[in-house]
Every structure is written in structure tokens, then in C-alpha cells.
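Biologist: Before I rely on the terms used for this model, I would like to hear what stands behind them. Please go through them one at a time.

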Amino acid sequence: MSELKTTSQEEREVILSASDLHVGYGSVLALHGVSLEIKKGELVSICGINGSGKTTIMRTLAGVLKPKSGKITFKGTDITGKKPEQVHKLGVALVPQGREIFPSLTVAENLRIGAFGCYKPAQYQKDLETMFELFPILKERYNQGGGLLSGGEQQMLAIARGLMSNPDLLMLDEPSLGLSPNRVDQIFELIEELKSRGMTILLVEQNAERAASISDRVYLLSNGRVEFSGKAEDMASAIDVASLYMGGKEEVK
Amino acid sequence: MSLSIVIEFIINVLSMGSLYALIALGLVIVYGICKLINFAYGEYITAAAYLLVFCAGLSLPWWVAFVLAILGGALIGFLSELIAYRPFRGRSLDALLVTSFGISIILQRVFQVFISPRPKAVNLPAFMSATISLFGITTPLRNIIVIITTAVLLLVLLYIMQKTPLGIAMRAAAENFTTARLMGVNANLVISTAFIISGFLAGFVCLFWVARTGSVEPTLGASPLLIGFIAVVVGGMNSLPGAVVGGYLYALVANVLSLALPTSLLSYRDAIMFVIVICFLVLKPEGLIRGNYQEERVG
């Protein structure tokens with residue numbers, strides 16, 4: 001994790017930018033020209049209802065899905081259409097929706113996989129200590145099978161696994177999904193802690209209000225299009241958020 | 001039942017089971033990662049066996065011939081993935097399955113046309129056909145060799161899968177391939193490794209298979225492939241331990257049937273084996289040991 005940046009937001013360099021992304025599954029288009037950018041040290045969240053294309057964006061940025069058109073640039077490199085392992089090597093770590101830890105691997109092995117492409121013994125030990133400090137439960141459960149952990153613990157493991165590669169950009173896809181309110185609080189505190197340590201984070205959340213409250217900027221997604229982008233506090237006045245969530249603008253008119 | 005019969009029975013089960021476990025492992029290691037039933041696996045064994053015939057004909061020392069045959073198996077596993085499977089990766093699994101039939105048929109025809117459609121005798125060192133007296137019974141020495149070789153191979157494989165980063169990555173990829181890639185695990189590396197290990201095991205299998213049959217013909221791979229399938233169906237398609245258990249269990253049941261069946265029914269032994277397999281497919285399709293991989297629902 002890099003040192004805390006004190007420069008103002010406007011001076012920060014853009015670390016990731018996506019322009020006019022069209023992504024589909026088969027012949028069905030899920031994203032109709034989405035553009036977004038993230039600056040170094042920012043916490044940006046993407047909000048929207050189910051099926052609005054949030055996870056599709058994440059999977060496209062991480063290289064799992066290939067865009068039909070559009071361009072993605074990360075740290076000045078064109079990563080459009082690159083494989084997931086190549087994107088990861090450049091410094092993008094995705095913590096996928098539903099945690100997706102490896103249940104038959106131990107906690108230790110799950111963490112080791114997180115650093116698969118960039119393993120250096122000294123750095124690894126240091127990162128491991130950081131993870132134990134952030135997630136004490138992982139130290140306790142270090143040699144247990146990942147599948148034996150509770151949902152909340154698995155989410156911790158999934159985030160720790162993502163952090164083990166020291167990414168320049170951490171992407172969290174619905175980290176609070178299916179967790180108890182206590183655990184949700186814990187996850188959001190953790191995200192703020194990571195941000196304060198200088199991590200650049202792209203967060204996807206259904207819990208828009210909660211996400212917006214800790215984010216520098218918000219993209220609001222609806223039906224595969226960006227309906228709003230900007231500071232969280234401007235979101236409410238700019239558009240009718242409720243109508244987007246409750247069933248689209250047409251019906252409200 | 002006298003002690004010597006028991007010992008003979010145990011050695012028979014262990015030696016046969018060891019060979020079958022190796023066969024099954026070669027199938028499962030590829031299936032685990034790619035979810036592909038590799039029908040060309042039998043031809044890996046045949047190809048390694050022909051290489052063994054060729055090397056033995058050059059009057060090389062026996063161990064050089066053995067090592068070359070094993071490495072040849074690994075090489076053909078690697079090349080078949082690189083040339084035939086890789087271009088189809090990311091397409092449907094059916095495409096890969098048909099490809100594996102294609103490789104199998106092409107290799108068989110190559111053996112027929114360029115080598116010989118007739119069996120070729122193979123010169124193996126004397127110890128592969130020697131017998132040994134042990135605890136009052138006489139058994140082929142190669143039975144003991146295959147048991148020890150398999151034990152060593154299983155330990156090496158266990159070490160690789162449990163302790164090396166590549167092995168951990170392979171287990172991760174077998175469970176969730178996409179997520180493993182998201183963590184930086186290189187897809188080509190993991191898949192190539194699986195095919196190389198599969199071919200490597202095929203090389204070992206060919207040594208002991210050929211020692212039993214004494215000759216090599218283009219369709220040699222068919223029987224071990226079938227045995228591998230049965231062991232895998234019984235043991236579990238998604239688990240390496242399952243393949244080993246399936247291999248030994250196959251040998252146990254086959255040997256029990258050989259002992260228990262009256263002579264008049266002995267020729268139906270294989271038929272009874274197949275009935276058992278069908279029962280498994282109906283009653284316990286996931287096999288004895290269930291892997292962690294969840295079959296993805298399509299459609």
C-alpha cells in the first residue's frame with residue numbers, strides 16, 4: 001500500500017479510465033457505452049439496482065469479459081481485451097461478487113494464490129503481517145480450510161487475498177452482500193481504513209446510500225448506462241434516485 | 001484359506017490397483033482443470049509405448065529407454081494441448097470433447113500408417129519379466145516394482161499439489177478457474193502443466209502395460225482408457241484421491257470376482273464389472289469422493 005497522498009483531488013493522476021464500453025453476453029448488450037475514470041487514491045463507487053451492469057463493469061475492467069467496443073486504460077497502458085492474469089499483473093485486483101474463495105484450500109493457501117504472480121518472500125511476509133493486523137481472524141484460522149469460515153470471515157479472506165498482490169487498484173464487488181449488519185459495518189470500516197492508507201478503490205454496492213457516504217465520487221448506473229456521475233452529495237439533487245431504484249423514470253413522469 | 005493365497009491376493013490387488021490408479025490420475029488431472037474428458041489419453045500411452053519399442057531397438061541402456069518413453073509421453077501431452085486444444089479453449093466443452101476424439105483417431109491412424117497395423121514386439125530388460133519369491137509365493141518382479149513406483153509417484157504428486165505454488169494454483173484452478181485467473185494464475189501455465197503431468201503418467205503406465213502385453217499395437221490405448229474411465233466413475237471425477245481410490249477399488253473387485261466366480265462364469269467378469277459401473281452411475285454419479293467443484297448449470 002502506498003503512502004497517503006495529500007494532493008488535492010484535481011491534481012491526482014487518473015489511474016484507470018474506461019471510455020464508451022459496450023459489453024454484452026451473446027447478443028444481449030449489458031453495457032451501452034459506459035465511461036468512467038478513477039484517480040489515484042480515490043474511493044469511487046458504482047451504484048445501481050440488480051441488472052444495471054455493475055458486476056459486468058467490474059468483470060470487464062478485470063479482463064474476464066471482452067468489450068465489444070470501447071477502450072480501457074490502466075496507468076497509461078491500454079488493457080482492453082487483455083487476459084485477467086495480465087490485468088492482475090499490472091496491478092488490478094478484483095474481489096469478486098460472492099467472495100469466491102477456494103473452499104478446499106486453507107486460508108494460508110488462499111492468501112498465497114493472491115500473490116501468485118508477484119511472490120517475493122520478504123514482501124510476502126510483510127504483507128501477511130499487515131493482513132493479520134487488518135483481519136486478526138485470518139491469523140487464528142490460518143491453517144483451516146477456507147470453506148469452514150463463516151460468510152463474513154470468507155469476505156475478509158477474499159479481500160485479504162486481493163490485497164496480497166499489493167494492487168494499485170482494488171475493486172470490490174458487493175463486499176457486503178449477504179452479511180449480517182454487524183459484519184457490514186465491519187466491511188465498511190475496513191474500506192475506509194484502506195482508503196486512509198492510500199489505496200485506490202472501486203466499490204460496487206447495492207447499498208447506494210451507505211457506499212456514497214464514504215465515497216469521493218459516485219457513478220449511478222441504470223440499464224447499462226451511467227445516469228449520474230459526480231460527488232455523492234450532488235446525487236440527490238441531480239436526479240431522482242428513488243425513481244431509478246423504484247422502476248425507471250418513464251413511470252414516474 | 002492359506003496365508004500364501006492371502007499374500008498373493010494382496011500383491012495382485014496392489015499391483016493391479018497401482019497401475020489403474022496411475023491411469024485414472026492421468027485422466028482426472030486434466031478433467032479437474034479443464035473439465036475435459038480427454039479421449040486421446042489412451043493414445044498418449046500408445047505413443048509412449050512406441051517410443052519405448054523404438055528406443056529398445058536402438059540398444060540403448062534400458063533406463064535411458066524408460067526415461068525417454070516417459071518424457072515422450074509428457075511431450076505428446078504438452079503438444080496435443082498446444083496444437084489441438086488451445087485454439088478451441090473458451091469454446092464449448094463439446095468442441096473440446098470432439099477435438100479429443102479427433103486427436104485420438106489421428107494418432108491411431110498415424111501409428112497404423114507410419115509404424116505398423118500389426119503388433120510390434122518390445123524388448124524389455126530381463127527384470128521386467130523375472131519372477132521373485134516373497135513370503136512363500138512367486139510373483140512377477142514387476143508387480144513389486146509397480147507398487148513401489150506408484151507409491152513414490154503419488155508422494156511426489158502429493159508434494160507438488162500441496163506444497164508448491166504451482167500445485168496450489170492448480171488446485172485453485174480446478175475449483176474455480178476464472179477466480180484463479182483473477183488472482184494472477186496464468187491459464188496457459190496451469191493447463192499445460194496438467195497435460196504434461198497427464199502425459200508423464202501415461203509414460204509410466206506404458207512401461208508396465210507393455211511389460212504385461214509384451215507388444216505394442218495402434219489400439220493399445222483403448223483398454224487402459226476404459227479402465228481409467230471406470231476407476232474415475234467409481235472414485236469421483238473431480239478429485240485426485242478419488243481417482244486413486246477408484247483404481248485400487250477396481251483392482252480389488254476384479255480380483256475378488258476372479259477368485260469367487262466359478263470357472264464357467266469367469267469370462268463374464270468384465271460384464272459384472274460394467275454392471276457395477278452402471279449401478280454407480282445411477283446411484284452415486286458423483287463417485288465415492290466428491291470434489292469441491294460444483295458443476296455449473298448451463299441453460
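Modeller: This is a predicted model. A place to begin is A:Ser176, which, leaving aside its neighbours within four places in sequence, is in contact with A:Val184, A:Ile187, A:Glu205 and A:Asn207.

Biologist: Where does A:Ser176 lie?

Modeller: A:Ser176 is in the loop between β7 and α7 (181-196) of chain A. From A:Ser176 to A:Ile187 there are 11 residues in sequence and 6.8 Å in space, C-alpha to C-alpha.

Biologist: What makes A:Ser176 count as buried?

Modeller: A:Ser176 has 23 C-beta neighbours inside 10 Å. The cut-off for a buried residue is 20 or more, so A:Ser176 counts as buried. Of the 253 residues of chain A, 45% count as buried.

Biologist: How do you know that both faces of strand β6 (residues 92-95) of chain A are covered?

Modeller: On one side of this strand are A:Val92 and A:Leu94, on the other A:Ala93 and A:Val95, and all are buried.

Biologist: Why are β6(A) and β7(A) called paired strands?

Modeller: Pairing takes at least two bridges. β6(A) and strand β7 (residues 169-173) of chain A have four, in the parallel sense, so they count as paired. Within this pair, A:Val92 stands opposite A:Leu169.

Biologist: How many bridges join strand β1 (residues 14-25) of chain A to β2(A)?

Modeller: Nine bridges join β1(A) and β2(A), in the antiparallel sense. With at least two required, these strands therefore pair as well. A:Gly24 has A:Leu29 of β2(A) opposite. Both strands belong to an open sheet of four strands in chain A, ordered β2-β1-β4-β5, with antiparallel pairing.

Biologist: What makes β2 (28-39) and β5 (77-78) of chain A edge strands?

Modeller: Each has a single partner strand, so one side of each has no neighbour in the sheet.

Biologist: Turning to chain B, how are helix α5 (residues 141-163) and helix α6 (residues 165-175) of that chain arranged?

Modeller: α5(B) and α6(B) pack at an angle of about 80°, and their axes are 5 Å apart. Angles of 65 to 115 degrees count as roughly perpendicular, so α5(B) is roughly perpendicular to α6(B). Of the residues in this contact, three are nonpolar, two polar and two charged.

Biologist: Which residues meet there?

Modeller: From α5(B) come B:Ile160, B:Met161, B:Gln162 and B:Lys163, and from α6(B) come B:Gly167, B:Met170 and B:Arg171.

Biologist: How many residues does each chain bring to the contact between chain B and chain A?

Modeller: Chain B brings 18 residues and chain A brings 23. On the side of chain B that touches chain A, α6(B) has the largest share, six residues. By class, that side has nine nonpolar, six polar and three charged residues.

Biologist: Which members of the largest nonpolar core touch the most other members?

Modeller: Of its 155 residues, these are A:Met171, B:Ala48, B:Leu52, B:Ala69, B:Val205 and B:Cys206. Helix α8 (residues 187-213) of chain B gives the most to this core, 17 residues.

Biologist: What does B:Leu52 contact, leaving aside its neighbours within four places in sequence?

Modeller: Its contacts are B:Ala65, B:Ala69, B:Val122, B:Cys206, B:Leu207 and B:Val210.

Note on methods. Residues numbered from 1 in each chain as written. Chains lettered and ligands numbered in written order. Predicted model: local features only at pLDDT ≥ 70, side-chain atom pairs only at ≥ 80, totals over all residues. Core = buried A, V, L, I, M, F, W, Y, C linked by C-beta atoms within 7 Å. Buried ≥ 20, exposed ≤ 12 C-beta atoms within 10 Å, placed from the backbone. Helix = DSSP H or I, 4+ residues; strand = E, 2+ residues; numbered from the N terminus. Contact = placed C-beta atoms within 7 Å. Axes fitted to C-alpha atoms, helices over the stretch in contact; angles between N-to-C directions. Parallel < 35°, antiparallel > 145°, perpendicular 65-115°, else oblique. Nonpolar A, V, L, I, M, F, W, Y, C, P; charged D, E, K, R; others polar.
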